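Me: I would like to go through the salt bridges of this structure. Please take them one by one.

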Amino acid sequence: MARMWGWLTGWVAARPLRHLLYAAAALVLVISAPFGGLAKASGADQPTDGIPSVAVGAEVDATPLRISVTKAVVTAQPGGTLPEATGGSTYLLVGVEISTTDSETNFGAVDALRLRDVGQLTSSSLSDPTKVVPDEEAKAGVYVVKDGSRLGGLGPGLTFKAAYVFSRASAKDLPENITVVLYRHTYRAHRGTGQMGWFDPTPVAEVTVPLAHPTPQPSSTSTAGTS
Amino acid sequence: MSATGLTRQRVSTGAIWLIAIAALAAGRLVTDHLPNPDTRATAPFVVTAGLGQSASMRSGDLAVTEVTAAPTLSTLNGTLQSPGLFVRVTYRFTPNNESGQLLSTTVSAANGWSWSSGIGERVPRRCATAPPGVPAECAFIVEAPADRLVGAHAVFAANPDNADYDSQADIDLGISPEDIATWRAATKAITLPEPTLGDAS
C-alpha cells in the first residue's frame, strides 16, 4: 500500500504544474457533478432568459405536470367562489389544460406557473393579501373552470381545464400581452428531512398570451372568462 | 528542496486528496442508487381484506362497507364535475387502545397509480376521532379516471405522511366493469355524509 502510495505521489509529482492544475479543476467539476456542477442554483427567481418560447395551446413538459396555456383574461368578476375585485384591483386569469405525469396525486400545480413583466401582482399570503410583490413571487390560486372549485391535487389520468387566478393591485397599465413562465421540478429527497418530494423549480418554457378583456357577465358558477 | 519542487509536491498531494474525494462522491452516487437495506425493516405491515370484511390494524379494526361513484359531487359550494369519477368509499373504524382515526386514505389502481383524499374541496374526507372500542362511520372521496378503477384497492394508514413501522390496510374494493358503466351513467351527484359515532344499527 505504502509502495503504491509512493509510486502515485511520484507519478503525480512528475506531471507539469499546468497539467496538475487542469486536472485539479477537472476533478472539482467531477466532484461537484452529483450536486449540480456548473448549473445555477434553482428557484422560482432563476433567470428565465433564453428559455424556449412556445405557442399558445402547445403542451409543455413541466415535470411532473403537462400544461398547455390556452388564454389570458383580465376581469374583476372571475365567478366561482372568488369575490368581485374592489378598490381598483383586478384578477388576471390564465387558462390552461393541465394533467400530471406523476403516479400519485400531485400538489405542485401552484408552483408550476408564474407571470413575467406584468407588475403590481399581489401576494397570495393570507397575512397580507394586498402586498405587491415581484412577479416571480406572485402565486396564483388554481381553479377548475367547469365548476369553480379549487384544484388542490392533480390525480394521474385526469386532465382539467383550469384557471390560474392572480390578483393585481390595479386594473390600470395592463400590458397587451402577458408572459407566462412554466417550471419543471425534480423528484428527490429533501436535504433536511430526507422526505421525497418535488423540488428545484427550473423554468422550461414561456408563452406570450394576448390579454383579453371580456365584457363583465353576471356571476356564475364557473370561473369566468376561461370557459 | 527547491520552491518549484515544494509547490509541485503540495499540488500533487492536493490532487490525491481530490482523487480520494472524487472516489467518495462516486461511492455516494452508487449507494444512492442501490436498494436501501432498511426499507424492508421499515416497510408497513400490510393487512388485506375485501369489501365488508374486517381488517385488524395496529390502531384498530377497519371495514369498508360501501363503494360508489358518479361524475358529479354535491358540496356546500355547489355541484362539482369530474373529468373522471368521484369515488366515495364508506368505512367503519374502531380504535383499539387510544382515540384516533385513519389520516391516510387513498385508492390505488393495478398499474400503481394512486389518488389521495383529505386535502382540498374536491376530495374531502369526513371522519370523527372515536374513543377506543367505539366505531366511527366515515367516508372519503377520491377523483380518478373511470378506466383505471376496475380492480382498485383502498389503502388506509394512521399516519398521513407514511405508514413506515406501522400497519396499512389494503382493501379490495371489488369494482367490476358493470359498476363502472353504472357509475358513469349516474345523473345524481354523490354526497359525503357527516361521520357518526357508535353502532348506528
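**Salt bridges and their surroundings**

Me: Is Asp117(A) buried or exposed?
Reply: The model is predicted. Exposed requires a relative accessible area over 50%. Asp117(A) has a relative accessibility of 59%, so Asp117(A) counts as exposed.

Me: How far apart are the closest N and O atoms in the salt bridge of Arg116(A) with Asp117(A)?
Reply: A salt bridge needs a side-chain nitrogen within 4 Å of a carboxyl oxygen. Arg116(A), which is partly exposed at 22% relative accessible area, meets this with Asp117(A), where the closest N and O atoms are apart by 3.7 Å.

Me: Which strand holds the residue that Arg116(A) pairs with 90 residues away?
Reply: Arg116(A) also forms a salt bridge with Glu206(A), with an N to O distance of 2.9 Å. Arg116(A) lies in strand β5 (residues 113-116) of chain A, and Glu206(A), 90 residues apart from it, is in strand β9 (residues 196-212).

Me: Is Glu206(A) buried or exposed?
Reply: The cut-off for buried is under 20% relative accessible area. Glu206(A) has 11%, so Glu206(A) is buried.

Me: What parts of chain B does the pair of Arg122(B) and Glu143(B) tie together?
Reply: Their side chains meet in a salt bridge at 2.8 Å, N to O. Because Arg122(B) and Glu143(B) are 21 residues apart in sequence, the pair ties together the loop between β6 (114-116) and β7 (125-126) and strand β8 (residues 136-144).

Note on methods:
Residues are numbered from 1 along each chain as its sequence is written. Chains are lettered from A and ligands numbered from 1 in the order in which they are written. This is a predicted model: local features need pLDDT of at least 70, side-chain atom pairs count only at pLDDT 80 or more; totals for chains, interfaces and linings use all residues. Side-chain values use heavy atoms; hydrogens and water are left out. Buried means under 20% relative accessible area, exposed over 50%, partly exposed in between (1.4 Å probe, protein chains only). Helices (H or I, at least four residues) and strands (E, at least two) are DSSP runs, numbered from the N terminus.
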